[in-house]
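Subject: Structure for you to look at

Hello,

Here is the structure I promised to pass on. Please open it first, then read my notes beside it.

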Amino acid sequence: VLQLDRPTALLNEKFRNALGQNRTIKELYLHRSGCDDVGAKALADALKSNETIERIDLCQNEITDSGAKELGAAILIKKSIPNFSVNLRNNYEMSSTVYDTIKTLAGRSIDL
């Protein structure tokens, strides 16, 4: 389990590369961390190469439709992980259309 109180680590290329290659972290908590679209895109990039993260909590952040779409693409890749889930609830700038699209793409437990 990795919990970040601030998403600034996601902006560090070395950290993103390490997260992408990490094989032990299964849960990532960024609840109320101030994560915005830049952080969401950085996380999405790291997730595309990570094969072990099963749960991500991004609720109550500042992610808009733009960041959510980046995450949606990464979530689609995660379909191969049986128990993968992400919590995007209460990101006040996301539209219901983007929520619905991500839910459809994921085809699994996405809390919005």
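The crossing of α1 and α2 is right-handed. Helix α1 covers residues 13-21, and its axis comes within 8 Å of the axis of α2. The two cross at roughly 40°. Angles under 35 degrees count as roughly parallel and 65 to 115 as roughly perpendicular, so α1 is oblique to α2. On the α1 side, Arg16, Leu19 and Gly20 make the contact. They meet Ala42, Leu43 and Ala46 of α2. By class, this contact has 4 nonpolar residues, 1 polar and 1 charged.

One caution before you go on: this is a predicted model.

Now the overall layout. The protein chain has 4 helices and 5 strands. Along the sequence they follow the pattern β-α-β-α-β-α-β-α-β. The chain has 112 residues, and 44% of them count as buried. Take the contacts between residues at least 6 apart in sequence: 81% of these join residues at least 24 apart. The accessible surface comes to about 5,900 Å². Carbon and sulfur atoms account for 47% of that surface.

Next, look at α2 again, this time with α3. At what angle do these helices pack? The angle is about 10°, and the axes are 8 Å apart. The cut-off for roughly parallel is under 35 degrees, so α2 is roughly parallel to α3. Helix α2 spans residues 37-47, and α3 spans 65-77. From α2, the contact uses Asp37, Ala40, Lys41, Leu43, Ala44 and Leu47. From α3, it uses Ser66, Gly67, Glu70, Leu71 and Ala74. These residues divide into 6 nonpolar, 2 polar and 3 charged.

Last, check two backbone angles. Most residues other than glycine have a negative phi. Arg32 has a positive value, near 50°. It sits in the loop between β2 (27-29) and α2. Gln60 also has a positive phi, near 55°. Its place is the loop between β3 (55-57) and α3.

Are these two residues buried or exposed? Exposed means a relative accessible area over 50%. Arg32 has 59%, so Arg32 is exposed. Gln60 has 27%, which falls between the limits of 20% and 50%. Gln60 is therefore partly exposed.

Best wishes

Technical notes: Residues are numbered from 1 along each chain as its sequence is written. This is a predicted model: local features need pLDDT of at least 70, side-chain atom pairs count only at pLDDT 80 or more; totals for chains, interfaces and linings use all residues. Side-chain values use heavy atoms; hydrogens and water are left out. Buried means under 20% relative accessible area, exposed over 50%, partly exposed in between (1.4 Å probe, protein chains only). Contact means heavy atoms within 4.5 Å. Accessible areas come from the Shrake-Rupley method with a 1.4 Å probe; for residues, only the protein chains shown count as cover. Axes are lines fitted to C-alpha atoms, for helices over the stretch in contact, and angles run from 0 to 180 degrees between N-to-C directions. Angles under 35 degrees count as roughly parallel, over 145 as roughly antiparallel, 65 to 115 as roughly perpendicular and the rest as oblique. Ala, Val, Leu, Ile, Met, Phe, Trp, Tyr, Cys and Pro count as nonpolar, Asp, Glu, Lys and Arg as charged, and the others, Gly among them, as polar. A crossing is left-handed if the near helix is turned anticlockwise from the far one by less than a right angle, and right-handed if clockwise.
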